[in-house]
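Visitor: I'm new here. Could you show me how to read a few features, step by step?

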Amino acid sequence: MSEPLHIVLRCTEALLPKVRYVFDTLFMARGVPVVYASRPPSSGPWLLYGTARETSWPFKRCLAIAHCPESWRFLDSHADIEATVNIDGLTTIFPARAAGCEPPSDISFDIAANAFYFLSSWSERLGPDKEQTRSLYSNSIFARLNVPQDIVDQYLDSLMRQLHALCDRLGSGKWNPLEWPQGATYALILSHDVDFIPANLIDIARQGAKTVLRHLVRQRDPIDALRAAAGLALALIRGRDPYGCVPEIIERETELGTQASFQVAVGHRHPHDVNYRIEDDRVRDYLRAITDAGFDLCLHGSYRSTENPAWYAEEAALLARRLGQPSGSRQHFLSFNYDNLFTAQEQAGIRYDMSMGFPDRTGPRAGFSYPYFPYCLEEDRPYDVLQLNLFLMDVTLRGYLGLKGASAWEAIKDTLDDLRGKRGCVSTVWHPIVFGGARDPGYDRLFWDMVNYTRETDGLATDGRTINDFWRGHAKTYASFNQVAQK
């Protein structure tokens, strides 16, 4: 079907931007065009979001979704959610139901309010832990209340099932599923955070000693300690840098016909920040391999860069002067203040971000497996920064979950298979330091296996700028996003 889905919204004027944002975000992920109207169309299926029905309207062609004003009261409160309720097989945090909605043909709870809570990351922005700059899954509402990590995906699946059932009852066509660039079923964004560049053999030796001790003491894995030491020795014998690896990654990806985004750091305000300085001509010349090969350059915002919006802007400007204008960004250690980050990115001309992920857990942090525009609560609008959710990270798998070899690959494969089933798009990060065989042995092979599996299963392995350009073009026809898409 090529005709847009007509949506009639019957809620207060104050809620309209948020409700439209939810429906635009969800339907955009499935390629369903929408148009907002004051009355139902003369033919075809339509959707009503409201508290009551107009008796004269054609409800046999309608999917009715409950609007429950009490479900939106969280907007006026910073109280944390204490419990969930299962409604029609879905976990809800706002379980109020509307009279007149008749499951299973209607959705009897306010799916828009529930989805907005998670898409806006309300609990981490305004909950008890809002001052924390590193959000862990173990401290999240997902862990605390056993909320499915893909909860917004589940809301979307329910919405689409109801809509398709309505089309079947009416004998009307359905909308074609969204295709990613190159006709792919799903997309995986590849990226590399450049956290360490050795200056000399002393840097390499220190990193090698730290790595062996990490495997022995923290991970209690003498076998990987020996494998890492052997990898280091072999690299030194061959006169090869086992920890930088940026040129080698670029060469291999070029051979495969794919490109990743590279995040380069320039700030130094915290002990966790990177060891190199972009002001050093040697470092700049080394990193020029990224831009010389035409790869996507991004800013790796420093650990404290969002404490002061001016700091982030300074970092973006410094990277632009020394290496090139960054198109995207990810925060070092996934450390950031939510609104400070996206405000600073708008001001710095950053087009997309890949920071929304849990360091200690694979999968979504906002319940969603698709790109989306984060929401500015203060100005009641989407930010002009596209979020490409972080789902898979080498540090998460090895450092937090203790996975390696077959168990690590099973976690990666399960994530990719789930993503393919949802026709979604998320980002990954593999640090260059693991590609030399002297850090986390086997993780270089896991990355290349991940790329190959994605391509073998009708997926697209690509960089962030490709998806940013595609998604912004797709967003032009959706009311909530046509302004940001045109910038």
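Guide: Let's begin with surface patches: they are made of residues with over 30% relative accessible area and no salt bridge, where like charges are joined within 9 Å and nonpolar side chains (Val, Leu, Ile, Met, Phe, Trp, Tyr) within 5 Å. Accessible areas come from the Shrake-Rupley method with a 1.4 Å probe, and for residues only the protein chains shown count as cover. This is a predicted model, where local features need pLDDT of at least 70, side-chain atom pairs count only at pLDDT 80 or more, and totals for chains, interfaces and linings use all residues. Residues are numbered from 1 along each chain as its sequence is written, and side-chain values use heavy atoms, leaving out hydrogens and water.

Visitor: Which residues form a nonpolar patch on the surface?

Guide: Leu213, Leu216 and Val217 do, with about 290 Å² of accessible area together. Leu213 sits in helix α6 (residues 201–218); helices (H or I, at least four residues) and strands (E, at least two) are DSSP runs, numbered from the N terminus.

Visitor: And what is a salt bridge?

Guide: It's a side-chain nitrogen of Lys or Arg within 4 Å of a carboxyl oxygen of Asp or Glu. By this rule there are 34 salt bridges. One of them joins Asp339 to Arg125, with the closest N and O atoms 2.6 Å apart. That pair links distant parts of the chain, 214 residues apart: Asp339 is in helix α11 (residues 338–348) and Arg125 in helix α3 (residues 122–126).

Visitor: In what order do the six strands form the open sheet?

Guide: Two strands pair if DSSP finds at least two bridges between them. Here the order is β8-β9-β10-β11-β12-β15, with parallel pairing. β8 (191–194) and β15 (386–387) each have a single partner strand, so one side of each lacks a neighbour in the sheet.
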